[in-house]
Amino acid sequence: MRLRRHVLVGTAAGLAWAGALRGWMALLVGPASTFSWRTPVLVLAPGAALGGLLGWASALRASGRGTPRALVLAPGVFAVALLDPRTARSLVTDGQGSGALIVAVTAVAGGHALSHRGWRRTRVATASLATAGVATVTAMGSMAGPLSSRRGVGTALLGGSLTAALCVASTVPYGPPGVVSDSRESLPVE
């Protein structure tokens with residue numbers, strides 16, 4: 001029962017986060033923004049899936065068990081956008097669509113840096129990468145308007161805070177310090 005609750009709450013939170021991200025994307029584009037089949041498939045579903053995966057990791061942590069190591073890569077679900085041929089083509093030709101990669105890489109790097117796991121040099125490198133990612137998403141707010149305008153500042157702050165919040169959420173699969181995250185923990189030891 002606890003597992004189901006964690007996964008459902010995580011899924012709902014992930015969907016809400018992805019909805020806010022879609023709102024940020026609409027602010028960037030302005031009146032030209034449209035809603036098509038691509039929005040639920042490439043933005044909302046990956047957000048809900050990520051939330052569910054982080055909810056699962058939370059349930060495992062709450063029960064005192066380690067999490068599968070692969071869960072630290074859960075933010076990579078946003079890279080599913082590249083499976084859409086139109087998005088992949090646009091990424092190669094004019095750079096549009098790179099936001100999915102920026103969000104995924106920033107979240108994975110931020111989760112590692114904030115987890116206090118691993119070598120210090122590695123955490124410094126991932127913290128630098130995450131900081132650059134959050135700064136990039138924040139700066140993208142200038143696409144909505146100059147950063148001296150209310151619209152530009154509001155859009156910048158929304159994008160940056162959503163990305164930073166995802167970095168914090170991405171620490172969940174690491175578990176608390178002192179608990180080894182390993183999918184083999186649940187197997188019987190002989």
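Biologist: Phe-78, buried or exposed?
Modeller: Phe-78 counts as buried, at 4% relative accessibility; buried means under 20% relative accessible area with a 1.4 Å probe and protein chains only, exposed over 50%, and partly exposed in between. This is a predicted model, where local features need pLDDT of at least 70, side-chain atom pairs count only at pLDDT 80 or more, and totals for chains, interfaces and linings use all residues. Residues are numbered from 1 along each chain as its sequence is written, and side-chain values use heavy atoms, leaving out hydrogens and water.

Biologist: How many aromatic pairs does a search of the whole structure find?
Modeller: One aromatic pair turns up. The ring centres of Trp-17 and Phe-78 are 5.6 Å apart and the planes are at 55°, so the pair is tilted. Rings of Phe, Tyr and Trp (its six-membered ring) pair if their centres lie within 6.5 Å; planes under 30 degrees apart are stacked, over 60 edge-to-face, the rest tilted.

Biologist: And Trp-17, buried or exposed?
Modeller: Trp-17 is buried, at a relative accessible area of 15%.

Biologist: Which parts does the pair tie together?
Modeller: Trp-17 lies in helix 1 (residues 2-29) and Phe-78 in the loop between helix 2 (38-62) and helix 3 (85-94), so the parts joined are 61 residues apart in sequence. Helices are DSSP runs (H or I, at least four residues), numbered from the N terminus.

Biologist: New topic. How does helix 4 pass helix 6?
Modeller: In a right-handed crossing, meaning the near helix is turned clockwise from the far one by less than a right angle.

Definitions and conventions. Helix = DSSP H or I, 4+ residues; strand = E, 2+ residues; numbered from the N terminus.
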